[in-house]
Amino acid sequence: MRKYLHDYDRYLENELRKLAESTISKTNKEKIREFHNFKYSMGVGVPRLVRLLGTLRLSAERLKKDFDKVERKDYEKMIGELRSDGLS
């Protein structure tokens, strides 16, 4: 395992815990975990995994829909809200 300046393994554990405790749907949680396993098996680094999982979890919380039911207009609305909140 690669050694990092920061404790990214702990960050990853925390992000997976946040995912488990999140109010998002079981379907989205399962899809995010599958994505995590796929990316990990492809050799993506732990810092990148932490960032990706956090982004997906927060997106699912904002969208309040299953990823497979989200349409372009939903993403556009979310991006608009993020911009108006100064978060993008």
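Which backbone oxygen does the side chain of serine 59 reach?

**View 1. Serine 59 and its contact with threonine 55.** The side chain of serine 59 reaches the backbone oxygen of threonine 55, at 2.8 Å. Serine 59 is part of helix α3. Its relative accessibility is 16%, and serine 59 therefore counts as buried, the cut-off being under 20%.

**View 2. The packing of helices α2 and α3.** Two packed helices are described by the angle between their axes and the distance between the axes. Helix α2 covers residues 26-41 and helix α3 covers residues 46-63; they pack at an angle of about 165 degrees, and their axes are 11 Å apart. Because angles over 145 degrees count as roughly antiparallel, this description applies to α2 and α3. Their crossing is right-handed.

**View 3. The residues at the contact of α2 with α3.** From α2, the residues Asn28, Ile32, Phe35, His36, Lys39 and Tyr40 take part. They meet Leu49, Leu52, Leu53, Leu56, Arg57 and Ala60 of α3. Sorted by class, this contact has 8 nonpolar, 2 polar and 2 charged residues.

**View 4. The protein as the setting for these close-ups.** The predicted model has 4 helices and 0 strands, which follow the pattern α-α-α-α along the sequence. Its C-alpha atoms fill a box of roughly 40 × 30 × 25 Å along the principal axes. The protein has 88 residues, of which 27% count as buried. Among contacts between residues at least 6 apart in sequence, 56% join residues at least 24 apart.

Conventions
Residues are numbered from 1 along each chain as its sequence is written. This is a predicted model: local features need pLDDT of at least 70, side-chain atom pairs count only at pLDDT 80 or more; totals for chains, interfaces and linings use all residues. Side-chain values use heavy atoms; hydrogens and water are left out. Axes are lines fitted to C-alpha atoms, for helices over the stretch in contact, and angles run from 0 to 180 degrees between N-to-C directions. Helices (H or I, at least four residues) and strands (E, at least two) are DSSP runs, numbered from the N terminus. Angles under 35 degrees count as roughly parallel, over 145 as roughly antiparallel, 65 to 115 as roughly perpendicular and the rest as oblique. A crossing is left-handed if the near helix is turned anticlockwise from the far one by less than a right angle, and right-handed if clockwise. Contact means heavy atoms within 4.5 Å. Ala, Val, Leu, Ile, Met, Phe, Trp, Tyr, Cys and Pro count as nonpolar, Asp, Glu, Lys and Arg as charged, and the others, Gly among them, as polar. Buried means under 20% relative accessible area, exposed over 50%, partly exposed in between (1.4 Å probe, protein chains only). A polar contact is a pair of N or O atoms within 3.5 Å; within protein, one must be able to donate a hydrogen and the other to accept it, and residues adjacent in sequence count only if both atoms are side-chain atoms.
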